[in-house]
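Here is a short report on one protein chain. Please look over the sequence and the model before reading on.

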Amino acid sequence: KKEFRALLKNLFFCQHLFEVFDDIDSGDDRRIDQAEFGAGMAKLGCPLTPEDTEKYFKEIDTNGGGQVLFHEFCHYIADMIAPDTDEMKTAMANAQEEDAKQNPESAGAAKATGPVDPQTIRAAVL
């Protein structure tokens, strides 16, 4: 029974990820290019700078083909959901510290076009 319940949860989760992926894929070719990714993130409420769009896109496009395939998208989201906790805490602390140094007047304030933290992306996708 437990395995079946876990299977159903995973199926629903996979379906949800596909719906998000399909929504971002404006060309309906089952691939996301960098422009679609940037527009899709903004549509999900996570606008990115051009630099961050390129950075995150390259992280997701693991085969370097210039297109994000569904399995690459799923792997990236799965890694975001269950990252190494200590590594994530260190990365987030470093990012917040760097942001505070660069923008002391807005320390702690979210920017519409600044780096998007994994929790924001997770909330938008899930």
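## Contacts and overall make-up

Two residues are in contact when heavy atoms of theirs lie within 4.5 Å. Take the contacts in the chain between residues at least 6 apart in sequence: 58% of them join residues at least 24 apart. The model is a predicted one.

The chain has six helices and zero strands. Read from the N terminus, the order of elements is α-α-α-α-α-α. The chain holds 126 residues, and 29% of these count as buried.

## The largest nonpolar core

The largest nonpolar core has 18 residues. Which of them touch the most other members? They are Ile32, Phe37, Val68, Phe73, Tyr76 and Ile77. Four helices each supply at least two residues of this core: H1 (2–24), H2 (34–43), H3 (50–60) and H4 (70–81). The largest share comes from H4, with five residues.

Tyr76 is one of those core residues that touch the most other members. Set aside its neighbours within four places in sequence, and Tyr76 is in contact with Tyr56, Glu59 and Ile60.

## H1 against H4

The axes of H1 and H4 come within 10 Å. They cross at roughly 120°. The crossing of H1 past H4 is right-handed.

H1 brings Phe13, Cys14, Leu17, Phe18, Val20, Phe21 and Ile24 to this contact. H4 answers with Phe70, Phe73, Cys74, Ile77 and Ile81. By class, the contact has twelve nonpolar residues, no polar and no charged ones. Two of the H4 residues here, Phe73 and Ile77, are also among the core residues that touch the most other members.

## H2 against H3

The H2 and H3 axes come within 10 Å and cross at roughly 115°. The two helices are therefore roughly perpendicular to each other. H2 passes H3 in a right-handed crossing.

On the H2 side, Gln34, Phe37 and Gly38 take part. They meet Thr53, Glu54, Tyr56, Phe57 and Ile60 of H3. What classes do these residues fall into? Four are nonpolar, three are polar and one is charged.

## H3 against H4

Here the axes come within 9 Å and cross at roughly 105°. H3 and H4 are therefore roughly perpendicular to each other.

The classes are four nonpolar, no polar and two charged. Tyr56 and Ile60 also belong to the H3 side of the contact with H2. Phe73 also belongs to the H4 side of the contact with H1.

## The loop between H1 and H2

Asp28 sits in the loop between H1 and H2. Asp28 has a relative accessible area of 61%, so it is exposed.

Arg30 lies in the loop between H1 and H2 as well.

## Leu69 in the loop between H3 and H4

Leu69 is placed in the loop between H3 and H4. Is it buried, exposed or partly exposed? Its relative accessibility is 24%, so Leu69 counts as partly exposed. The cut-off for buried is under 20%.

What does Leu69 touch, not counting residues up to four places away in sequence? Its partners are Phe21, Arg30, Arg31 and Asn63. Phe21 is 48 residues away along the chain, yet the two C-alpha atoms are separated by 9.1 Å. Phe21 also takes part in the contact of H1 with H4.

Note on methods: Residues are numbered from 1 along each chain as its sequence is written. This is a predicted model: local features need pLDDT of at least 70, side-chain atom pairs count only at pLDDT 80 or more; totals for chains, interfaces and linings use all residues. Side-chain values use heavy atoms; hydrogens and water are left out. A nonpolar core is a set of buried Ala, Val, Leu, Ile, Met, Phe, Trp, Tyr and Cys residues joined through side-chain atoms within 4.5 Å. Buried means under 20% relative accessible area, exposed over 50%, partly exposed in between (1.4 Å probe, protein chains only). Axes are lines fitted to C-alpha atoms, for helices over the stretch in contact, and angles run from 0 to 180 degrees between N-to-C directions. Angles under 35 degrees count as roughly parallel, over 145 as roughly antiparallel, 65 to 115 as roughly perpendicular and the rest as oblique. A crossing is left-handed if the near helix is turned anticlockwise from the far one by less than a right angle, and right-handed if clockwise. Ala, Val, Leu, Ile, Met, Phe, Trp, Tyr, Cys and Pro count as nonpolar, Asp, Glu, Lys and Arg as charged, and the others, Gly among them, as polar.
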